[in-house]
Amino acid sequence: MLHAITFDLDDTLWDNAGVMEFTEHGHYRWLREALAAWREAQGEAALPGIQAHAEGLDDYVARRLRLAREVPERRGDFTWLRLRALEEQLEANGLNRSAALMWAAAAMNEFHRLRLQVTPHPEADPLLARLSQRYRLAAITNGNIHLARQPLAHHFPVAIAAGEILAPKPDPRAFLTALDRLQTRPEHAMHVGDSWEEDILPANALGMRAAWVSDRDDRPLPHRVQRIAHVKELPELLAWLEKRG
Ligand SMILES: [Mg+2]
């Protein structure tokens, strides 16, 4: 008997690649331009290390990767990594500490504003509305979209930012935290997601049902895992499972 369904967000309920690309460049461009204008108003030159977009961005990415290695428990907390990397980069290029903290925080506000511009699959909203009448729903994401402000947030009474609780999927604690808040047990829950390693394997290992959103059919599916090509096929899968009992 299924009581609860947990959903991955990125590339399950919307396509994410375009948004990430646009957000990555967009917030960094905003920082470079806003900071240059602020410095110009004070009669100061633009910061050398971030003046060129591609070089500045490469250095920012390298700092994030290094921080993730140095502080492994934060490796999935992308907001923390970005904020620290920006602070570090701005200070390394000559801003004083308080200005670096302020500008890094402002850039991350812009990041979150852009990151929210995801377009859910058109079927997702009515699908979740219908499912929520029958099942308790949760979102479990490794991404750092603002969970209370994302466009499908109202469907999810429980939403877990797995990286921010320092347990990015496939860590089972992300799933167990969601199930605990939904007041259900793994055997009464299904997880829906696109990643074999981060969604399907850990959910299956916990004893949850799993629906793998993928158009690949080259893998044998373990017991209690089914594949759907798109999340819009989920009602059909649930009806089939129910009929089978
Ligand atoms: Mg995903």
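## The sheet

Let's start with the open sheet of six strands, which pair in parallel in the order β3-β2-β1-β4-β5-β6. Strands here are DSSP runs of E with at least two residues, helices are runs of H or I with at least four residues, and both are numbered from the N terminus. Two strands count as paired if DSSP finds at least two bridges between them. At the edges sit β3 (158-161) and β6 (225-228), each pairing on one side only. From one strand to the next, the twist averages 20°.

A word on what you're looking at: this is a predicted model, where local features need pLDDT of at least 70 and side-chain atom pairs count only at pLDDT 80 or more, while totals for chains, interfaces and linings use all residues. Residues are numbered from 1 along each chain as its sequence is written.

## The whole chain

The chain has nine helices and six strands. Its C-alpha trace spans about 75 × 35 × 35 Å along the principal axes.

Ten residues of domain 1 are in contact with nine residues of domain 2; contact means that the C-beta atoms of two residues, placed from the backbone, lie within 7 Å. The side of domain 1 that touches domain 2 has four nonpolar, four polar and two charged residues. In that count, Ala, Val, Leu, Ile, Met, Phe, Trp, Tyr, Cys and Pro are nonpolar, Asp, Glu, Lys and Arg are charged, and the others, Gly among them, are polar.

## Around β2

Strand β2 is well covered, with six of its six residues buried. On one side these are Arg136, Ala138 and Ile140, and on the other Leu137, Ala139 and Thr141.

Now for its partners. Four bridges join β2 to β1, running parallel, and alanine 4 stands opposite arginine 136 in β2. β2 also pairs with β3 in the parallel sense over four bridges, and here isoleucine 140 stands opposite isoleucine 160 in β3. Elsewhere in the sheet, four bridges link the parallel strands β4 (residues 189-193) and β5 (residues 209-213), where histidine 191 has alanine 210 of β5 as its bridge partner.

Helix α7 (residues 172-181) lies across β1 (4-7), β2 (136-141), β3 and β4, and runs at about 160° to β3. Such angles run from 0 to 180 degrees between N-to-C directions, using axes fitted to C-alpha atoms, for helices over the stretch in contact.

The largest nonpolar core has 41 residues, and Ala138 and Ile160 touch the most other members. A nonpolar core is a set of buried Ala, Val, Leu, Ile, Met, Phe, Trp, Tyr and Cys residues joined through C-beta atoms within 7 Å. Elements giving two or more residues to this core include β1, α6 (124-131), α8 (196-206) and β5.

Leaving aside its neighbours within four places in sequence, isoleucine 160 is in contact with Ala138, Ala139, Ile140, Ile165, Ala174, Thr177 and Ala178. There's also a second, separate core of 16 residues, with Tyr60, Trp80, Ala85 and Phe111 among them.

Notes. Buried ≥ 20, exposed ≤ 12 C-beta atoms within 10 Å, placed from the backbone.
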